[in-house]
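Dear colleague,

Please find below the structure that I am handing over to you. My notes on what was found in it follow directly after.

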Amino acid sequence: MSELDAEELAARLSDRTPAGIAAQIGGLIEHKILPVDSRLPTVRELAQELGVSVGTIAQAWSHLREQGLVETRRRGGTRVLPRARRRAEDFAGPGAPLKMLGFLTHPLPGSADSANYEQTMQSIELGEQLGFDAAWLAAPEQRGETYSPLSILAAASQRTRRIRLGTYGADPAEHPANRFTLERLCGGRLVEFDERRVFLATAVPTDTASREQEARYRDYVQNQQPDPAPLLGTSDEIADAMLQQAGYLEVDEAAFALPPGFSYEDYVQILTDIATRLAPALGRPNPS
């Protein structure tokens, strides 16, 4: 079985748009230049050779999966499928584009200050404006603080119209009357966090971060080291790291946890970069 490395494949690709790359690779598959079960280069390898973002290659790979030409296997990379397996039901396999984009937040430190609750709700409003599908509020027990997630979400529900709202780390059976009321206030938008379907990561993209912000972010990652460690870097770098993780390749829903202790201005930058840069790099169209 012959395979083309990233340099050899790039030399055969003149159109460097996602659709163009997919069409040209489809032709190579059709003419058996890329035979069945041959492995394609990683998104980062081919992106470097073509001088494009990893998001461009990720979208091209998505086009190929939608046509049933390739599949992404756990620890096996992206490989050409036999013609007999090129069926529509194979399209939504591992590595499919994101269908749901969410984030996990929490009141800022010093949650007794009402201004911090206001900033939390502003973050949720911003998430809706940026095209996020869901926002979860962490239970106070996870941070050793005292606040009512359901009360904050009830207030946020009156300032949003589309984004789904829920709690993370709280027992859904607790406070049934309050949850019933919140469900009515949300208009059916209350959503539980399903760890079987949602890939959760702490991502800190630095695309539009100031030098001061980036320095603090790097200090946070080096000194606090949550488990698992946050993904820090440009959106392309974070997307490439996620596309190498088997857990992410098994789902098509992702949520990003905002690191605790950062300022509201930091959260604005992080959420904006996730929505406008990281999500498109993972194959989700930019809502703008």
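Two strands are taken to pair if DSSP finds at least two bridges between them; helices (H or I, at least four residues) and strands (E, at least two) are DSSP runs, numbered from the N terminus. On that basis, strand S4 (residues 134–138) and S5 (164–168) pair in the parallel sense over 5 bridges. Within this pairing, Ala138 stands opposite Tyr168 in S5.

The conventions are as follows. This is a predicted model, in which local features need pLDDT of at least 70 and side-chain atom pairs count only at pLDDT 80 or more, while totals for chains, interfaces and linings use all residues. Residues are numbered from 1 along each chain as its sequence is written, and side-chain values use heavy atoms, with hydrogens and water left out.

Overall composition

The protein has 11 helices and 9 strands. Of its 288 residues, 51% count as buried, where buried means under 20% relative accessible area, exposed over 50%, and partly exposed in between (1.4 Å probe, protein chains only). The protein exposes about 13,500 Å², of which carbon and sulfur atoms supply 49%; accessible areas come from the Shrake-Rupley method with a 1.4 Å probe, and for residues only the protein chains shown count as cover. Contact means heavy atoms within 4.5 Å. Among contacts between residues at least 6 apart in sequence, 74% join residues at least 24 apart.

The nonpolar core

A nonpolar core is a set of buried Ala, Val, Leu, Ile, Met, Phe, Trp, Tyr and Cys residues joined through side-chain atoms within 4.5 Å. The largest one has 85 residues, and those with the most contacts inside it are Trp61 and Phe256. Helix H11 (residues 264–281) gives the most to this core, with 8 residues. Domain 1 (6–81) and domain 2 (100–282) both give residues to the core, so it lies between them; the domain bounds come from an automatic or database domain assignment. Not counting residues up to four places away in sequence, Trp61 touches Ile21, Ile25, Leu40, Pro41, Val43, Leu46, Val70 and Thr78.

Asp37 lies in the loop between helix H2 (18–30) and helix H3 (43–50) and is partly exposed, with a relative accessible area of 30%. Most residues other than glycine have a negative phi. Phi of Asp37, however, is near 75°, a positive value. The backbone oxygen of Asp37 is reached at 2.8 Å by the side chain of Arg79, a polar contact (a pair of N or O atoms within 3.5 Å; within protein, one must be able to donate a hydrogen and the other to accept it, and residues adjacent in sequence count only if both atoms are side-chain atoms). Arg79 itself lies in strand S2 (residues 77–80) and, at 16% relative accessibility, counts as buried.

Thr160 and Gln158 are both placed in the loop between helix H6 (149–157) and strand S5. Thr160 counts as buried at 1% relative accessibility, whereas Gln158 is partly exposed at 45%. The side chain of Thr160 reaches the backbone oxygen of Ala156 at 3.0 Å and also makes a polar contact with the side chain of Arg189 (3.0 Å). The side chain of Gln158 makes a polar contact with that of Ser157 (3.0 Å). As for S5, 4 of its 5 residues are buried.

With kind regards
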